[in-house]
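Here is a short report for a reader new to this structure. It covers the nonpolar cores and the salt bridges.

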Amino acid sequence: EARELPPLTGLYATTSDNIPYLDWAPDNRSVAILSINSRTGSLRLAGADGSAPAVVATGASIYWHWRSDASALIAHTDGAADTAANAQLSLVRRGTAPAERLAASPGYFQAPQYSPDGQRMLYVAQFGDTESLTLADANGIPQCGLSTVVGAMYFAWSPNGRHVALIDTPKLLGEPNVLEVLDISTGRRTSLARNAVSYAWSPNGRSLAIWSVVRDGQVIDPAAVRAAGATPTAAPSPTLAPTPRPTVRPTATARGAR
């Protein structure tokens, strides 16, 4: 409890792993715990009451996102399918085991994400020779492709569910990149800035705070507004084949802190 000198409840103890990240379930009843060591990383779900934690995902990299009602989380492990045989997307339903592996093969991205209402999810999937930012239902079944992915994509759903902010880049994340916003309903893709490094949505979903790196005396450089595509495109079959990719990889910590 958040009060002075409270009694403590143990969630997970280790003598060998580092714990770089903790993530509360939206209903306050569980905590997702990421632990890493020299061999692999593990994602554990621990009850806030101190019940024994369960390992729900393992991999060299692990990214995840809770559904808004805390009934499930979507996890992405081991990177892209064309460079790692174990790369996969998994649906973890709380209270059931094991995790359900989705048919879609993950592309070059990090964290999948549920929509704010929990009825849809986003991930990058490989369809033959194409990678697509894919809109799926709450069970992970692809519904349509929102945008072709050129490099490696980093995205965030707006809190009001209407837009997705994204950086699609062959460069390292942390260097200046083009920040765009995609309208879910129309497929319109608008450029906002050329030198964005990171960003965050306002709680109402109407504004973005942008972190940029600029030279001394330089001002924030807005990008020319453009639209790419009128409507979302239908997703191909989720029976996917490996596809050759450039050597540039998405940046991540050595063993997958979120």
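## Burial and the model

A residue counts as buried when its relative accessible area is under 20%, as exposed when over 50%, and as partly exposed in between. The model is predicted. By that cut-off arginine 189 is buried, because its relative accessible area is 9%.

## The largest nonpolar core

The largest nonpolar core has 27 residues. Five of them touch the most other members: Leu122, Tyr123, Leu133, Leu146 and Phe155. Several strands give two or more residues to this core: β6 (72-77), β7 (88-93), β11 (120-127), β12 (130-137), β13 (142-148), β14 (152-157) and β15 (163-169). The most come from β11, which gives 6 residues.

Take leucine 122. Neighbours within four places in sequence are left aside here. Leucine 122 is then in contact with Pro112, Gln113, Leu133, Thr134, Leu135, Leu146, Phe155, Trp157 and Val164. Another core lies apart from the largest one.

## Salt bridges

Side chains of opposite charge can pair when their charged atoms come close. The count of salt bridges here is 7. One of them joins arginine 94 to aspartate 27, with the closest N and O atoms 2.4 Å apart. This pair links distant parts of the chain, 67 residues apart. Arginine 94 sits in the loop between β7 and β8 (100-101). Aspartate 27 sits in the loop between β1 (18-24) and β2 (30-36). Arginine 94 is partly exposed, with a relative accessible area of 25%. Aspartate 27 is partly exposed too, with a value of 22%.

Arginine 93 meets glutamate 100 in another salt bridge, at 3.5 Å from N to O. Arginine 93 is partly exposed, with a relative accessible area of 33%. Glutamate 100 is partly exposed, at 36%.

## A buried pair and a network

Which residue does aspartate 168 meet in a salt bridge? The partner is arginine 189, at 3.7 Å from N to O. Aspartate 168 lies in strand β15 and arginine 189 in strand β17 (residues 189-201), so the pair ties together parts that are 21 residues apart in sequence. Aspartate 168 is buried, with a relative accessible area of 16%. Arginine 189 is buried as well, at 9%.

Salt bridges can also share partners. In this way Asp27, Arg29 and Arg94 are joined into one network.

Technical notes. Residues are numbered from 1 along each chain as its sequence is written. This is a predicted model: local features need pLDDT of at least 70, side-chain atom pairs count only at pLDDT 80 or more; totals for chains, interfaces and linings use all residues. Side-chain values use heavy atoms; hydrogens and water are left out. A nonpolar core is a set of buried Ala, Val, Leu, Ile, Met, Phe, Trp, Tyr and Cys residues joined through side-chain atoms within 4.5 Å. Buried means under 20% relative accessible area, exposed over 50%, partly exposed in between (1.4 Å probe, protein chains only). Helices (H or I, at least four residues) and strands (E, at least two) are DSSP runs, numbered from the N terminus. Contact means heavy atoms within 4.5 Å. A salt bridge is a side-chain nitrogen of Lys or Arg within 4 Å of a carboxyl oxygen of Asp or Glu.
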